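Work through these exercises with the structure open beside you. Try each task before you read its solution.

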Amino acid sequence: MSDPQHVLAARVQAALGAAFGEPDADPVIRPSQFADFQANVALPLAKKLGRKPRDIAAELVAHLDVSDVCAKVEISGPGFVNLTLSPEWIAGQAQAMHGDERLAVEKAEAPQTTVVEYSSPNIAKEMHVGHLRTTIVGDALARVLEFLGHHVIRDNHIGDWGTPYGMLIELLLDVGEGSAEAGLLETDPNAFYQMARQRFDSDEEFARRSRERVVKLQAHDPDTIRHWERLVELSKVYLHTVYGRLGVTLTDEDIRGESFYDDMLGVTADELRDKGLAEISEGALCVFPPGFTGREGDPLPMIIRKSDGGYNYSTSDLATVRYRVDKLDVDRMIYVVGAQQALHFQMVFAVARMAGWLPEKVSAEHAQIGNVLGPDGKIFRTRSGRSVKLTELLDEAVERAGAAFDEVPHEGDFDDQTRRRIVEAVGIGAVKYADLSVARGSEYIFDFDRMISFRGNTGPYLQYATARIRSIFRKGGLAPEEAAGPITLGHEAERALALHLLGFGTALRQTGEAAEPHRLCAYLFDLASAYTTFYENCHVLRAPDEPTKASRLALCALTLRTLSKGLELLGVATPERM
Ligand code: ARG
């Protein structure tokens with residue numbers, strides 16, 4: 001265990017046990033302005049025991065054994081215990097982290113089977129910037145949780161079922177597979193969808209055929225299912241292209257779309273009725289979960305089966321919960337989906353709990369994703385009002401990344417191909433990092449200039465930081481893996497950098513627990529800043545003596561590995577040279 005906050009917590013708890021018989025009290029360890037950390041437990045404990053906080057703090061300190069960890073322990077204010085770590089301890093822990101393949105990040109003691117549901121576009125339509133954000137955030141969460149030792153089940157809950165497929169199948173039959181129009185499914189599915197829509201609205205015969213087709217689809221007519229499958233296959237080609245370019249880890253095996261749950265909808269509805277949870281209201285089978293009311297205070301229905309016998313989005317999500325709990329045996333479900341669907345998920349989870357399908361011990365979380373806005377503060381669209389095409393957006397990001405890249409100093413000249421590869425990584429990395437670094441539930445304004453900057457909390461800045469550390473090693477004529485240390489901490493900036501490095505595990509755990517990648521982004525950005533201060537104050541290759549040089553090179557190598565690992569877990573590529 002190298003994480004200072006953990007080590008101190010364990011020591012303080014031991015003292016709480018010895019002094020007060022309270023080994024389970026939260027030691028309340030926080031970063032401190034006056035020391036490295038402070039333990040604030042004396043205040044709540046004093047209240048509980050009816051004593052003075054300062055006396056509690058004094059007794060706690062008398063029982064506290066941190067002589068190997070801390071250089072100084074002090075009581076301040078009403079009863080805060082200030083803890084200053086010793087440079088030797090920090091150096092020893094940093095050395096251990098440096099020698100460890102996992103950067104001293106321990107695997108979870110109790111691994112959880114976790115479904116991370118993300119991306120989930122409606123496949124017959126173009127993925128838009130909103131789906132892009134859920135895709136990128138979800139992928140980072142899946143990577144982080146997996147690294148922490150959890151059993152992650154990626155789940156791409158695509159919209160691949162329902163009424164639009166009637167007209168899509170009819171159009172595919174009309175234009176014929178192999179036609180240029182059918183080819184659109186693989187490159188620009190939204191254009192295909194719009195073509196079908198237009199024909200549906202203007203051609204009555206086509207509309208009639210489409211409606212009949214929906215009925216056949218829902219009746220699982222074999223011929224219709226075959227066409228539908230073909231349509232889904234072609235759309236997957238498009239998804240693969242996008243995921244491939246983005247470096248998203250989703251594969252075909254992760255796809256479990258709405259169609260997958262279709263044959264479970266009937267039983268789900270019937271059981272709700274039989275349990276007496278659902279009732280007929282205005283012809284539809286509805287559940288009214290307690291606590292959900294409309295604007296007038298009237299109970300809010302969740303429609304399970306429409307009066308025409310058709311099922312709803314909610315029914316499908318209830319069946320999904322059951323499948324995940326019963327068949328996948330999950331401990332945790334994270335739905336990375338737009339914030340607009342918050343009420344939907346609250347109601348789904350509430351009804352699933354009422355029905356006994358979602359036991360208390362299984363956590364169901366809607367990881368809300370905020371809107372991406374245009375410069376006008378409205379949902380990001382082009383001037384013509386249509387939503388921005390993803391591929392065009394990524395192309396533009398890469399083009400702009402090229403221009404920005406030419407403005408910063410480089411390590412030598414790159415041939416065309418290398419430059420193109422770097423610039424692609426910078427452009428894509430910039431877009432991804434922008435989605436990740438903002439608290440996921442918050443809206444933000446999509447701004448190329450800000451996200452592609454080589455300054456500030458951006459992807460390019462962190463990518464560039466890793467390439468610059470690598471260049472030190474190239475200049476010094478050794479590989480980062482060869483920098484063995486030992487790490488010793490003389491300068492204040494060395495100490496600060498090493499201490500920050502030790503917080504990597506905590507940053508990852510917080511990211512996983514809260515399902516919030518921006519926490520990892522903030523950690524990495526602070527790490528890069530601590531590194532810059534170190535680099536500005538401490539000569540590395542021209543260090544005053546050999547031991548200092550060896551130590552500083554090891555600090556550089558450890559910083560490089562930590563930044564690279566962190567970016568990898570965010571899904572941001574790091575070019576070796578820039
Ligand atoms: N396909 C939906 C959409 O594009 C998102 C699906 C979200 N997941 C779910 N389990 N309902 O809006």
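This is a predicted model: local features need pLDDT of at least 70, side-chain atom pairs count only at pLDDT 80 or more; totals for chains, interfaces and linings use all residues.

**Exercise 1. The whole chain**

Task: Describe the protein chain by its helices and strands, its box and its buried share.

Solution: 
- Step 1. Count the elements. The protein chain has 21 helices and 13 strands.
- Step 2. Take the box along the principal axes. The C-alpha atoms fill roughly 85 × 70 × 40 Å.
- Step 3. Look at burial. The chain has 578 residues, and 43% of them count as buried.
- Step 4. Turn to contacts between residues at least 6 apart in sequence. Of these, 73% join residues at least 24 apart.

**Exercise 2. Around the ligand**

Task: Which residues surround the ligand, and how do they divide by class?

Solution: 
- Step 1. List the shell. It consists of Glu117, Ser120, Pro121, Asn122, His157, Gly159, Asp317, Thr320, Tyr335 and Val337.
- Step 2. Sort by class. Three residues are nonpolar, five are polar and two are charged.
- Step 3. Ask which elements contribute. Helix H12 (313–326) supplies at least two shell residues, and so does strand S10 (332–338).

**Exercise 3. Two packed helices**

Task: Describe how H12 packs with helix H13 (residues 342–354).

Solution: 
- Step 1. Two packed helices are described by the angle between their axes and the distance between the axes.
- Step 2. Read them off. For H12 and H13 the angle is about 50°, and the axes lie 10 Å apart.
- Step 3. Classify the angle. Angles from 65 to 115 degrees would be roughly perpendicular, and those under 35 roughly parallel. H12 and H13 are therefore oblique to each other.
- Step 4. The crossing of H12 with H13 is right-handed.
- Step 5. Name the contact residues. H12 brings Ser314, Asp317, Leu318 and Val321, while H13 brings His344, Met347, Val348, Val351 and Ala352.
- Step 6. Sort them. Six are nonpolar, two are polar and one is charged.
- Step 7. Link back to Exercise 2. Asp317 belongs to the shell around the ligand and also to this helix contact.

**Exercise 4. One residue**

Task: Is Leu462 buried or exposed, and which residues does Leu462 touch?

Solution: 
- Step 1. Locate the residue. Leu462 lies in helix H17 (residues 459–476).
- Step 2. Apply the cut-off. A residue is buried if 20 or more other C-beta atoms lie within 10 Å of its own. Leu462 has 26 C-beta neighbours inside 10 Å, so Leu462 counts as buried.
- Step 3. List the contacts. Leaving out residues up to four places away in sequence, Leu462 touches Leu524, Phe525, Ala528, Leu563 and Leu567.
- Step 4. Leu462 and Phe525 are 63 residues apart in sequence, yet their C-alpha atoms are 7.1 Å apart.

Terms used: Residues are numbered from 1 along each chain as its sequence is written. A residue is near a molecule or strand if its C-beta atom, placed from the backbone, lies within 6 Å of it. Helices (H or I, at least four residues) and strands (E, at least two) are DSSP runs, numbered from the N terminus. Ala, Val, Leu, Ile, Met, Phe, Trp, Tyr, Cys and Pro count as nonpolar, Asp, Glu, Lys and Arg as charged, and the others, Gly among them, as polar. Axes are lines fitted to C-alpha atoms, for helices over the stretch in contact, and angles run from 0 to 180 degrees between N-to-C directions. Angles under 35 degrees count as roughly parallel, over 145 as roughly antiparallel, 65 to 115 as roughly perpendicular and the rest as oblique. A crossing is left-handed if the near helix is turned anticlockwise from the far one by less than a right angle, and right-handed if clockwise. Two residues are in contact if their C-beta atoms, placed from the backbone, lie within 7 Å. A residue is buried if 20 or more other C-beta atoms lie within 10 Å of its own, exposed if 12 or fewer, and partly exposed in between; C-beta atoms are placed from the backbone.
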